[in-house]
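Please report on the side-chain pairing, the nonpolar core and the strand layout of this model. Keep it short.

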Amino acid sequence: MKLNLNQPKSYYETFVILTLILLSCVLTYYFHFVLRSGVFFTHFFYIPIILAAVWWKRKGLWVTFFLVGILIFTSYISPLQIDYFYDDLFRSVIFIIVSVITVILSERIEKSQIKLKISEESFRSVVESAIDGIITTNLEGNVVFVNESFKKMFQYSEEEVIGKSVRKFIPPRLRDSYDQKMKEFHKTGKRQVGTFESAGLRKDGKEFPFEISITNWEGGGELFTTSIIRNITYRKNAEKTRSILSAIVEGSAESIISVNLEGNILSWNKGAEQTYGYSAKETMGKSYSLLFPENSSEYQEILDTIAKGEKIDHYETKRVTKAGKLIDVSLIISPITDKTGNIIGFSAIARDITQEKASEEALARSEAQLSMINANMADIICQASIDGVYIYVSPSVKSVLGYQPPDLLGKSMLDGVHPDDRSRVTSCMQDARGKCMTQSVQYRYLRTDGSYVWLGTTGTPIYDDEGQVTGFICNSRDITNQKNAEDALRESEAKYRTLVESASDPISLYDENGIFLMANKAGAHSMGEEPADLLGRSLRDFFPPEIAEKQIDLIRRVINTEEGVDMEMFVPYGDNDQWFSTSLQPIYGRDNHIHSVQVISRDITEIKETQLKLEQALQDKEMLMKEIYHRVKNNLMVISSLLNLQSRYIKDEEAKAMFKQSQERAQSMAMIHERLYRSADLKHINFGDYIRKLAQDLFRTYVADPSRIKLEMDVEDVMIDINIAIPLGLMVNELISNSMKHAFPDGHSGEIGVKFKEREGHCMLEVSDTGVGFLPDFDFEKSDSLGLQLINSLTQQISGELKLEKDQGTTFKITFQQPEEDD
């Protein structure tokens, strides 16, 4: 342990202890070695031991241990009897015990003093640093203590307060009330806290409201009262302000909402109810996000911005009402802070601007449309003074005349007018000014490139408050194309009339009742009249009723359907019947409606008679062709019958078979000619139908047991040219009959298949069987079989391709292309 010798008091204590230790050593030596006595001189040791324990606490034990050591050492080496040694040893133990007890008691006392001092210092620090005023009074109500805040609050010094009655600090009008409250409080006899509000009286005579908290306590057998006084002037003003603000908020038509940092609604005024449709009960404690459109990120952005302490000032957005309707609002969002400046939430003031927004958008659209129309319209809008000086010119003047608006401002309207037209324009301006009415005029105006354009201008007078004309608003339109069109129209009408009058075909115009509106000379002369004599007369005056009604019906159909009609019409003219090729076309008026029908007729009687003769000749030709096909068929059948009769006299079976094959070939060709003369088309036959009929006939001829051989056909209806049909029919006959005769010998069973299809002008014929087939080394192109030679030859004749497959039975595939039709 080290002694703290840094303080001045420690020097004094150290000096005293060292002096007493030295004196104790001297006394020990003196009694043990000089007097050789065991007298209780050691009682003196208690003085330095106790003082060291009191002053130095545990460090003072070193003094005890030193003195004990000196005592035992001197007792051990002294000439005294041994009994004195044990006495000194016992005394040493007593010294140590006393020293330890003294240290313990001293430390406890010191700790209690330190705690008491800290408590006093803390109390004094709290009291003196308190913002509220603190005053302690005795039972008689006299002041015994006040803190600094109390003195500042009431503007008194401590000398002016201590010992004075507390009534001094209460306004006279409130003293009786204050005393009554204090008596009632003291009657309780309890050490409790009581709180009430009153008013204080400063030294300068001014009053202020305060809140006082009082408590009783007892000290030294006497009862005291301590009061804590808080100046509530700010709170009272705040409450007054809060009441005013609350009335303003509740009476405001705008939505005012307060929200905490978690996004929960804390307040909801009447304006919010009117704006969003929710009552305060429905929203308190709910999330502010219920007012945001679905999938909006704005809610989190607001929370993040407010968390930074930033204000969101006057921005427009959308919110959702209770009914689910989107409304436009103008928002001001401000952070709400506590007394320490920490952000605890935000207020959102919203104004429903849906109607304003709609009005603004409508106005903006209207202005944009007006601006767009003004900038892009073909017409020139200008304002001129009463003297014809330009005050305003629209941007469209650039596209019409080539000028920029500033180029014309301040100049006279007459400067660009063609010299020949100025008098007419001047007269129009004078009429508009004098007659006070809108006037129109057409004139030529000079462009920037030196050319003139025709303008059609309508001028409307502008009046002042007294009804006097002060200028004109003019709307000018480029009518150059119109003027050119009018000239072209006049020229076109002249040309049209010339063409119509000089046309050799009858041309007429009729209304919906068949009344003549116009007729050229050819049309009028064909009826034995002059053009002027036909106007206003009806078709019924010149044609039989049924012919006239038919023509009128056609005219009305053109008017109703707005579609022209081209047709051939038979018209009886006495003994001379005539045919006309007639075209009826609608004629539109200026209102874009059909008012008349133009009829152009051409006499095609000679053409029609020639056509009828050609049709009759064609019918005669068809009858002749059918008769030829019929005779060819009959001749082929005669040949077949002759071959059949001749074969009866042939004994050789091989020769007889050859006759049979020739007979079948003749029959197959006869069948084709039979189908041709029965068909409406004398050049093509339905070959699919032909195959089905031929295969069935061959099957009945060669297959004696239908249960042994099965015939499967997949045949499409394809029209084949006669030049292809005859050789193809012979090939079908050869292939099917060969399969039926040779594929299934000795009672074998199987299947014969026939396919015929067409894809994009390419035809494919396939005849297959599941019979015994050919030998592997068989070459059908070099075969001496008359049937195969005939098939090869006919395939080449139709420019086809022949393939033989011998994998499973026998399959012949013939592909060829249909010949192109002649136009």
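The report below covers basis, sheet, a loop residue, salt bridges and core.

## Basis

This is a predicted model, in which local features need pLDDT of at least 70 and side-chain atom pairs count only at pLDDT 80 or more, while totals for chains, interfaces and linings use all residues. Numbering starts from 1 along each chain as its sequence is written, and side-chain values use heavy atoms, with hydrogens and water left out.

Helices (H or I, at least four residues) and strands (E, at least two) are DSSP runs, numbered from the N terminus.

## An open antiparallel sheet

Five strands make up an open sheet, ordered S12-S11-S15-S14-S13. Pairing is antiparallel; two strands pair if DSSP finds at least two bridges between them. S12 (390–393) and S13 (439–446) are the edge strands, each pairing on one side only. On average, neighbouring strands are turned by 30° against each other, direction ignored.

S11 and S15 (residues 469–478) run antiparallel and are joined by 6 bridges. Gln-383 stands opposite Ile-473 in S15. Helix H14 (residues 422–435) lies across S13, S14 (452–463) and S15. H14 runs at about 150° to S13. Axes here are lines fitted to C-alpha atoms, for helices over the stretch in contact, with angles from 0 to 180 degrees between N-to-C directions.

## Asp-379 in its loop

Asp-379 sits in the loop between helix H11 (354–376) and strand S11 (380–385). Its relative accessibility is 7%, so Asp-379 counts as buried. The cut-offs: buried is under 20% relative accessible area, exposed over 50%, partly exposed in between (1.4 Å probe, protein chains only).

Leaving out residues up to four places away in sequence, Asp-379 touches Ser-394, Ser-396, Asn-475, Ser-476 and Arg-477. Contact means heavy atoms within 4.5 Å.

## Salt bridges

There are 24 salt bridges in the structure. Each is a side-chain nitrogen of Lys or Arg within 4 Å of a carboxyl oxygen of Asp or Glu.

Arg-424 pairs with Asp-421 at 3.0 Å, N to O. Arg-424 is partly exposed at 37%, whereas Asp-421 is buried at 2%. Lys-813 and Glu-766 meet at 3.9 Å, N to O. Lys-813 lies in strand S27 (residues 810–817) and Glu-766 in strand S25 (residues 762–769), so this pair ties together parts 47 residues apart in sequence. Lys-813 is partly exposed at 27%; Glu-766 is buried at 12%.

## The largest nonpolar core

The largest nonpolar core has 42 residues. A nonpolar core is a set of buried Ala, Val, Leu, Ile, Met, Phe, Trp, Tyr and Cys residues joined through side-chain atoms within 4.5 Å. Phe-687, Ile-691, Ile-720 and Phe-756 touch the most other members. Elements that each supply at least two residues include helix H21 (687–702), strand S22 (709–715) and helix H23 (786–797). H22 gives the most, with 9 residues.

Ile-691 is in contact with Met-713, Val-715, Val-732, Val-754, Phe-756 and Leu-765, leaving aside neighbours within four places in sequence.
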